[in-house]
Amino acid sequence: MKYALVTGGSRGLGRAVCLQLAAEGVPVIINYQSNRSAAEEVLAQITERGGKAELLQFDVADINSVDSALVDWESKHPDDYIAILVNNAGIREDNLMIFMQNEQWDRVINVTVNGFFYVTRRLLKSMMTKRFGRIINMASLSGLKGMPGQTNYSAAKAALIGATKALAQEVAPRKVTVNAVAPGFIETDMTKDLDMDSLKKLVPVGRFGKPEEVAELVCFLASEKSSYITGEVISINGGLYT
Ligand code: NAP
């Protein structure tokens, strides 16, 4: 059976992607780092609606944690493989560069860039041998435009976009597609401390996006319908262009 793995599936955009994929009949692996109760709530919603899902805890930025969780999953699923990977886990540690601490720089780069590398490398082989795979990377408007106060986050998301374009060319002959989604302001825990009333005036649509709106795009890219789209970065930002 083909499974989808959503990193950071316990909250926000990842949660919405898990719910939407499961509603479309895809068995989902909900990854989380520490918030088990939020992940369990996603699992419960999926199973109540007749979907199939399971939890898999690991820290995407820790190679040992990634490898041991995925080795364990594979040993319990000898006839299944992860055909859809949504690299969604991400964090913000904003600061002006002049004040930025080494740890703030390292944490954001580690989760976004190293996390993408550790999880994706681990899953590529089975996608390539089975000749079907979908990799969707959660980038950001910040990775396209650059945002003041977010040099770490903008650098990490720009790196993810570069990796998306390079990997897409490596694996295209094996029917594995690799795309990035670049949201603007979306209502989640990550943006709850922002001044929504003033920021939404910058958005032509006049509001922040909903996680479900991003999930629709991710699910299209995860489907067989998107087979001729690869190496793309698709913005979803209510018209807030760079
Ligand atoms: P969020 O509400 O803060 O949720 C973050 C999720 O990532 C949680 O499920 C969290 O797990 C997980 N996570 C964090 N670090 C992790 C790690 N080291 N290993 C595994 N999981 C980890 O964030 P969000 O707004 O949904 O953002 C999701 C993605 O979209 C991020 O990559 C973010 O950069 C990107 N994005 C968001 C926006 C926006 O406006 N919200 C805009 C552009 C891009 P726990 O629950 O266990 O903590």
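Which residue has a side-chain N or O atom 2.5 Å from an oxygen atom of the ligand? Tyr153 does.

## About the model

This is a predicted model, in which local features need pLDDT of at least 70, side-chain atom pairs count only at pLDDT 80 or more, and totals for chains, interfaces and linings use all residues. Residues are numbered from 1 along each chain as its sequence is written, and side-chain values use heavy atoms, with hydrogens and water left out.

## Around the ligand

Let's start with the polar contacts (pairs of N or O atoms within 3.5 Å). A ligand nitrogen, in turn, is 2.8 Å from a side-chain N or O atom of Asp59. On its own the ligand has 900 Å² of accessible area (Shrake-Rupley, 1.4 Å probe), and the protein covers 95% of that.

The shell holds 31 residues, each with a heavy atom within 4 Å of the ligand. Ser10, Ser34, Asn88, Tyr153 and Thr188 come nearest.

## The pocket

The ligand's space is the largest pocket; more than half of a molecule's atoms must lie within 2 Å of the grid points for it to sit there. A pocket is an open set of points on a 1 Å grid over the protein atoms alone, where a 1.4 Å probe fits, with protein on both sides within 12 Å along at least five of seven lines.

Its lining has 41 residues, each with an atom within 4 Å of a point. Tyr153 and Thr188 are among those nearest the pocket centre.

Key
Polar contact = N/O pair within 3.5 Å; in protein donor to acceptor, adjacent residues only side chain to side chain.
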